[in-house]
2 protein chains.
Amino acid sequence: MSSQPSETKAARVTSFDVAERAGVNQSTVSRALAGSPQVTPATRERVLAVARELGYTVDQRASGLRTGRTDTVAVVILQGPEDKAPSGNPFYFELLGSICEAASARGLETLVSLQSEEGRLSGDYVKRGQADGTIVIGSARHSSAWTYFQQLQRSTGNLAFWGSPFDDARWVRSDNHGGGRIATSHLLDRGYRKIAFVGPLGTGPGQFAERFSGYRDALAERGAQPIEASSYPDGDRKSQGYHAARDMIERDGSIDAFFAASDRLAFGVLDYLKEIGRDVPEDVGIVGFDGMSAGTISSPPLTTVAPDLAKAAEALLRMAIDGEASVTQRVKVRLIERASVRPT
Amino acid sequence: MSSQPSETKAARVTSFDVAERAGVNQSTVSRALAGSPQVTPATRERVLAVARELGYTVDQRASGLRTGRTDTVAVVILQGPEDKAPSGNPFYFELLGSICEAASARGLETLVSLQSEEGRLSGDYVKRGQADGTIVIGSARHSSAWTYFQQLQRSTGNLAFWGSPFDDARWVRSDNHGGGRIATSHLLDRGYRKIAFVGPLGTGPGQFAERFSGYRDALAERGAQPIEASSYPDGDRKSQGYHAARDMIERDGSIDAFFAASDRLAFGVLDYLKEIGRDVPEDVGIVGFDGMSAGTISSPPLTTVAPDLAKAAEALLRMAIDGEASVTQRVKVRLIERASVRPT
């Protein structure tokens with residue numbers, strides 16, 4: 001092994017070294033690298049050649065102090081005790097992946113911070129010169145954390161939220177109401193008649209309540225009544241879904257479909273139905289929400305409502321980086337048909 | 001909405017503002033905030049109080065230029081066309097989550113960059129003053145990308161790899177050989193007799209070859225021969241596993257177990273067995289590798305070999321940040337028993 005960790009620092013090349021070797025002033029090096037028209041093409045070429053030869057790279061901190069930009073977006077992921085890595089909440093990491101891709105397409109780096117209510121919360125990345133904007137992702141359950149970020153948003157721009165329970169914030173959300181309608185109409189179209197809703201509403205996310213309202217409206221159009229499964233606020237989402245389904249079926253064995261407010265809730269419903277030997281989709285249909293890739297692995301693969309994460313990422317970046325203010329944005333959702341709903 | 005995106009910049013408070021209000025020199029403010037003993041406790045208290053009052057925060061870029069530290073670790077995730085977000089390779093994001101947690105515990109931020117062979121590769125984060133070290137995560141399939149990072153590691157320290165195909169690099173890996181042994185012995189202990197190995201070896205990752213050698217050695221100890229399923233290099237891992245299992249069973253219907261070199265391969269094997277009506281675990285047992293949380297959702301839930309991701313993250317940080325050189329590290333693995341292997 002020839003690599004030596006200290007090599008880089010010892011060999012660190014500055015713009016002054018480039019200037020000396022190229023026979024110009026340091027300020028000319030800066031101008032040449034910035035593409036300034038004050039530098040002749042010949043000089044620029046010479047400076048670039050020397051910079052390459054010496055392995056000179058621009059220090060982004062110094063450059064950032066001059067330009068006022070960091071070309072970085074900070075992403076805060078709020079985690080509860082039940083969302084700990086490595087299992088985490090895979091949906092957040094799928095959204096994070098989309099944000100990294102969208103950021104990269106704009107020439108931005110992504111600074112990721114996992115934070116929890118119990119730990120130290122921080123959204124000061126712009127003020128500290130570490131980012132040009134900050135995106136906060138999390139479930140509405142982390143209420144004290146959201147209160148902190150909501151206050152921060154009042155005193156600063158360049159903050160965008162996914163999952164905030166506050167309506168008067170700058171956020172991006174799924175078209176939750178539309179998604180609830182799509183899921184419910186799909187189940188009705190495929191002949192299911194008693195469709196129960198699974199998802200804690202009382203203390204839970206506003207997003208779940210929005211999905212519920214779409215479900216309720218789709219039922220009302222066909223003269224049907226909503227059936228709300230009991231909430232189990234404890235445990236992870238999968239366990240909540242399992243208990244809600246068990247309670248529901250024990251209460252009314254004629255339930256023939258579930259609309260679960262998240263895919264992880266739906267996985268728990270699937271578990272319970274398998275346990276009691278109900279065939280999905282023949283006896284009971286299920287639609288989830290989130291479009292998680294894990295839904296391709298469940299048995300049967302889960303039909304789900306998927307938000308357009310690429311569009312969500314772009315909208316969050318516009319809000320956080322470009323400072324698009326005073327707006328809330330909904331991203332479109334679509335039904336991904338897998339195999340937990342019977343075919344026509 | 002009262003928030004105005006430009007508010008922060010307009011109101012930006014500098015150390016000179018703090019100095020003026022506190023009635024000291026700017027250099028005293030810097031020393032006070034850095035905890036210098038040259039400043040009396042009383043002055044330090046006054047400076048801190050004024051800084052709080054004015055909402056002054058230290059600009060990390062300027063601070064970094066002074067201290068030479070960024071308190072940031074860069075993580076490059078290599079993606080192939082088949083690993084695109086949002087589905088991505090969930091294992092990398094589980095490892096990323098562990099790195100973010102371990103970094104946070106050390107007071108470090110995490111800068112994430114998704115890169116692909118087709119796109120521009122970059123690992124110059126330390127040189128550009130954006131990170132104190134860089135971790136590269138990816139599968140060995142991205143061979144031209146690994147060649148780039150391998151060359152970079154020769155000329156610089158503070159680079160650590162997960163997934164590199166090069167043995168003479170500074171990397172952290174799972175105890176792949178041990179994991180292959182554990183998986184295979186477990187299947188033998190539970191009475192399976194004809195255990196096939198699923199995972200492309202020829203052009204594939206060194207890690208898969210290491211898992212295969214553990215499998216082969218465990219069989220040899222009991223006088224059994226390895227049975228290698230055909231490789232399907234195209235498609236995603238799940239599809240590769242499906243085709244390998246189909247080919248294997250069509251070739252030899254008496255195969256009664258599979259050790260798959262990754263969980264995603266195992267999910268494809270499960271799919272094929274379900275399709276032909278073989279009961280898992282009664283007729284056929286399966287063990288995967290990676291400990292992915294998605295394995296709790298498959299039917300049946302997947303028994304798997306899990307690397308200790310928290311330890312892996314710590315080892316990668318020691319290599320990347322502390323410049324722990326000339327070493328390669330193995331992290332321990334353990335068997336997570338779920339339900340794809342029959343009970344004793």
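Buried residues, meaning those under 20% relative accessible area with a 1.4 Å probe and protein chains only, make up 58% of the 344 residues in chain A. The structure is a predicted model, in which local features need pLDDT of at least 70 and side-chain atom pairs count only at pLDDT 80 or more, while totals for chains, interfaces and linings use all residues. Residues are numbered from 1 along each chain as its sequence is written, chains are lettered from A and ligands numbered from 1 in the order in which they are written, and side-chain values use heavy atoms, with hydrogens and water left out.

The C-alpha trace of chain A spans about 85 × 50 × 40 Å along its principal axes. Its radius of gyration, taken over C-alpha atoms, is 26 Å, whereas a compact globule of 344 residues would have a value near 20 Å; the globule rule is 2.2 Å times the number of residues to the power 0.38. Chain A is divided into domain 1 (7–58), domain 2 (72–172 + 312–317) and domain 3 (174–307 + 328–336), with bounds that come from an automatic or database domain assignment. The centres of domain 1 and domain 3 of chain A, taken over C-alpha atoms, are separated by 61 Å. Of the contacts in chain A with a separation of 6 or more, 71% are accounted for by residues 24 or more positions apart; contact means heavy atoms within 4.5 Å.

Chain A has 12 helices and 12 strands. Helices (H or I, at least four residues) and strands (E, at least two) are DSSP runs, numbered from the N terminus. An open sheet of eight strands, with mixed pairing, has the order β4(A)-β3(A)-β1(A)-β2(A)-β2(B)-β1(B)-β3(B)-β4(B). Its edge strands are β4 (159–162) of chain A and β4 (159–162) of chain B, each pairing on one side only. Two strands pair if DSSP finds at least two bridges between them. Strands β1 (residues 72–79) and β2 (residues 109–116) of chain A pair in the parallel sense over eight bridges, and A:Leu78 has A:Gln115 as its bridge partner in β2(A). Helix α7 (residues 143–155) of chain B lies across β1, β2, β3 and β4 of chain B, at about 150° to β4(B). Axes are lines fitted to C-alpha atoms, for helices over the stretch in contact, and angles run from 0 to 180 degrees between N-to-C directions.

In chain B, six strands form an open sheet in the order β7-β6-β8-β9-β10-β12, with mixed pairing. The edge strands are β7 (227–228) and β12 (333–336) of chain B. Helix α9 (residues 206–221) of chain B packs on the sheet and touches β6, β7, β8 and β9 of chain B.

A nonpolar core is a set of buried Ala, Val, Leu, Ile, Met, Phe, Trp, Tyr and Cys residues joined through side-chain atoms within 4.5 Å. The largest has 151 residues, and A:Phe258 and B:Phe258 have the most contacts inside it. A second, separate core of 32 residues includes A:Val76, A:Phe149, A:Leu152 and B:Leu152.

B:His186 lies in helix α8 (residues 176–189) of chain B and counts as buried at 9% relative accessibility. Leaving out residues up to four places away in sequence, B:His186 touches B:Val287, B:Thr303, B:Leu335, B:Glu337 and B:Val341. B:Gln60, in helix α5 (residues 60–67) of chain B, is partly exposed, with a relative accessible area of 25%; this class lies between buried and exposed, the latter being over 50%. Apart from neighbours within four places in sequence, B:Gln60 is in contact with A:Arg128 and A:Gln130.
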